[in-house]
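Here are a few worked exercises on helix packing and ring contacts. Try each one before you read its solution.

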Amino acid sequence: MRKPLVAGNWKMNGDRASITSLLDEMLEALETAKCDHCEVLVFPTHVYLSEVVTRLAGTVVATGAQDVDSRAVGAYTGAVSAGMVRDIGCTHALVGHSERRTLFGEDDDTVAEKYAQCLDVGLMPILCVGETLAEREADHTLDVVTRQLRAVVERVGMDGIGGGMVAYEPVWAIGTGLSATPEQAEEVHSALRDSLVSLDPAIGEATRLLYGGSVNGDNAQALFAMENVDGALVGGASLKSKSFIDICRFADASV
Ligand code: PGA
């Protein structure tokens, strides 16, 4: 049984005032909604991580970082290590988000190093994989996502995969309002599942596979009805408490 998880990726949005009120609204809504069967996570930008960790202490919502460096320590101006993120109380980190891959030039090996850094310090990494529209149109979707996954498996082994989770985020669906259909998501999720199960049946079955890309309160329920969709990584709709908590409710009810 895989516990569903809904994670809000706030990207480079918000300021102190808006983040404070978003958290207040979320926590208030969660008191009514409960969502005991679902894990809830937020990913603020680095600058606000400490404040968010403090605000969420003792609540049901966990805090993660949107990125960590691929190295542990040293002369890397501007970089933030997994150990630092762990030290201030975060429990999770995203690695390999498509915006990092395309806008910041991260390749599969760098992403695998970041994943390994998270495991080394006790952070749970969420590995993002996904194809571009051109790759989908060329029928390369499954090749791309399995290549991205394999780079991490080769670096950390299946035990390492079991220490994290995977988010399938088709690049063409991110921030476009054009979500993958539940069937399109399930096709990729089940291929990822098969690939993990072939390497280690127990870990492959237990690893959570999230879907991300224009998830909102209107499409979440149908996505969560798919056998291998174990939750969502939510961008735009996580910046409003109403839509984010609606998604959490659907995840909670999918159990
Ligand atoms: P979106 O972003 O929900 O705004 O499409 C998802 C993501 O980038 O994680």
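**Exercise 1.** Work out how the axes of helix α5 (residues 108–121) and helix α7 (residues 141–162) cross.

*Solution.* Step one: take the helices as DSSP runs of H or I with at least four residues, numbered from the N terminus. Axes are lines fitted to C-alpha atoms over the stretch in contact, with angles from 0 to 180 degrees between N-to-C directions. Step two: the α5 and α7 axes come within 8 Å and cross at roughly 20°. That makes α5 roughly parallel to α7, since angles under 35 degrees count as roughly parallel, over 145 as roughly antiparallel, 65 to 115 as roughly perpendicular and the rest as oblique.

Step four: list the contact, with heavy atoms within 4.5 Å. From α5 come D108, A112, E113, Y115, A116 and L119, and from α7 come R147, Q148, A151, V152, R155, V156, G160 and I161. Sorted by class, that's eight nonpolar, two polar and four charged residues. Here Ala, Val, Leu, Ile, Met, Phe, Trp, Tyr, Cys and Pro count as nonpolar, Asp, Glu, Lys and Arg as charged, and the others, Gly among them, as polar.

A quick note on the model: it's predicted, so local features need pLDDT of at least 70, side-chain atom pairs count only at pLDDT 80 or more, and totals for chains, interfaces and linings use all residues. Residues are numbered from 1 along each chain as its sequence is written, and side-chain values use heavy atoms, leaving out hydrogens and water.

**Exercise 2.** Which residues of α7 and α8 meet?

*Solution.* First the geometry: the axes of α7 and helix α8 (residues 182–199) come within 10 Å and cross at roughly 35°, in a right-handed crossing. Next the residues: T141, L142, V145, T146, L149, V153, M158 and I161 of α7 meet E187, V188, A191, L192, S195, L196 and L199 of α8. The tally is 11 nonpolar, three polar and one charged.

**Exercise 3.** Find the rings that the charged ends of R71 and R100 sit over.

*Solution.* The test: NZ of Lys or CZ of Arg within 6 Å of the ring centre and within 35 degrees of the ring normal. R71 sits over the ring of Y76, 3.9 Å from its centre. For R100, the ring belongs to F104, with its centre 3.8 Å away.

Key. Helix = DSSP H or I, 4+ residues; strand = E, 2+ residues; numbered from the N terminus. Left-handed = near helix turned anticlockwise from the far one by under 90°.
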